[in-house]
Amino acid sequence: NELGTGTLLNNTANDGRPFLISAYHVFKSSANNAEIAVFDFNYESPFCTGIDGYDLQTVSGSEFRAAFDSLDFMLVELSELPPPSYRPYFAGWDASGIQPHNSYTIHHPNGDTKKISHDADRTDSMTFARRYLPFGHWRVHNWEIGTTEAGSSGAVLINNDKRVTGILTGGTASCTSLSYDAFSRFDKMWDYRQDSTKQLKHWLNPDSENIYTVDGLDLFFEREMACNVISNFTIDDKLALVSDYNDTKQINEVAERFDQYENTLLTGVSIGIKSFLAQSISREFSIRIYEGENIPTVPVKLFRFSMNNLNANAMNYFNFGDGVVVNGNFFIGLRVEDEQDEIELFQTAIPSYSLKNTMLINHDGIWTEADQNNAGKFGSSLLMQLTVCGGEQITDVDSIDKKSELVKVFPNPVNTFAVVEFVDPERNIITLRNSLGQVLFKSVYTNTRYAQIDMSGNVPGIYIITVLNKNKRETIKLLKNNL
């Protein structure tokens, strides 16, 4: 099988038609191979950690649209539109023929996880070899950052305006050679040949308008169906193992907390796994989704998976099928079902003074935060990336000691009834808690300016009212007096 790099392209209709471009030789110089090609999405390593990615997000098959061997390009149309959870982006392009400069290429050298290389200089036009169109390629003299290798073929050259200007044919650049690469020119592919099966213009400019540049398209964002990847692990974090900080023989389950999401669809999770040992008959583990405030409290969904499909020292992706809708704080837990089996997970290696603490440990049914579970008092996060679609992360507006932005509450202190006045009456969710954090009252108010809370049956003391409006959450301190 031939390995190469491909890129989705936008068109002048901005309709998300799934055109993909790569090098003709990646398809073994045959249009027939479009039908049997497999296209992997999001094959990348998280946060430059060096561990492997996953290649489970695929589209199989495509239909040939155009190719020209003397420019080494091939345009295909995927058999299906990549779903929102793949987060497809349709790249913009530039067919003007202006020399690109300060260029980038995104590629998969030797079929490896995604890499990005940068050339700070201006390219020039060149004839790559006799069998190619004269002066039909842009030459990158050398890369200032990164390089390309076999498997990078078909990668796009992206100019300073973030538009595609060429497709990688070949060159002598490698990890040991600071040499050149040759990218077939997008403007030559555009309409150098009049045959629609040998040019790009017919497919990417269906209305034949006088257009030579197009910006990229985030299709599902435009349709308000956008998906994104969230993680508590940041680019500055270092890798460690859960076993470095904890006695894993006593751990029943670990979980990661994600804060303040409203009406959000979870479609899958990828988890960094260092190693695993499967000795039981079942060889099963489970991914569990919970809701709760500070610890996993309410079970929402359970998925079972086989350890036979795990990959060591890699991100492992687990699909949630039709997805799971969550609101507020939620937790993603991993539990090994049989004590004979083991899974060793990656977590952050951070100093004890860090405030990060989104990882939780379960000992015999009791959840504690990571910094309560080890002698060094280390907070931590699991190496976990979650694909979320729709919904919004809630912005916390703490108004306990500040002026309220969403509501007015009066009287305060209160004897019997507290009145809540909403700034935005469209939709508000009110939650009343006592000083122990217990929920005493919760209700949704739609298209109303005022709400009333009966405090007559509550003992004197301090209560907390939480108001959720769209993507903002506000907390107000309410004092209950003696009658």
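A salt bridge here is a side-chain nitrogen of Lys or Arg within 4 Å of a carboxyl oxygen of Asp or Glu. Asp124 and Arg139 meet that rule, with their closest N and O atoms 3.1 Å apart. Asp124 lies in strand E10 (residues 124–126) and Arg139 in strand E11 (residues 137–140), so this pair ties together parts 15 residues apart in sequence. Asp124 has a relative accessible area of 22% and is partly exposed. Arg139 is partly exposed too, at 27%. The model is predicted.

Now step back to the whole chain. The protein chain has 483 residues, and 48% of them count as buried. Its secondary structure comprises 4 helices and 34 strands. Along the principal axes, the C-alpha atoms fill a box of roughly 95 × 55 × 40 Å.

Next, the surface and the charges. The chain exposes about 23200 Å², and carbon and sulfur atoms supply 47% of that area. It carries 41 positive and 61 negative charges. Side chains of opposite charge can pair when their charged atoms come close. In this model, the count comes to 16 salt bridges.

One of them joins the side chains of Glu44 and Lys114, at 2.8 Å from N to O. This pair links distant parts of the chain, 70 residues apart. Glu44 sits in the loop between strand E3 (38–40) and strand E4 (58–60). Lys114 sits in the loop between strand E8 (101–107) and strand E9 (115–122). Glu44 counts as partly exposed because its relative accessibility is 26%. Lys114, at 37%, also counts as partly exposed.

Another pairs Glu337 with Arg288, and here the closest N and O atoms are 3.3 Å apart. Glu337 lies in the loop between strand E21 (314–336) and strand E22 (342–349), while Arg288 is in strand E19 (residues 284–291), so the bridge ties together parts 49 residues apart in sequence. The two ends fall on opposite sides of a cut-off: buried means under 20% relative accessible area. Arg288 is at 16%, so it counts as buried. Glu337 is at 29%, so it is partly exposed.

Salt bridges can also share partners. Arg17, Glu63, Arg65 and Glu77 are joined in this way into one network.

Notes. Residues numbered from 1 in each chain as written. Predicted model: local features only at pLDDT ≥ 70, side-chain atom pairs only at ≥ 80, totals over all residues. Heavy atoms only, no water. Helix = DSSP H or I, 4+ residues; strand = E, 2+ residues; numbered from the N terminus. Buried < 20%, exposed > 50% of the residue type's maximum accessible area, 1.4 Å probe, protein only. Areas by Shrake-Rupley, 256 points an atom, 1.4 Å probe, with all protein chains shown as cover. Lys, Arg positive; Asp, Glu negative; His and termini not counted. Charge placed at Lys NZ, Arg CZ, Asp CG, Glu CD.
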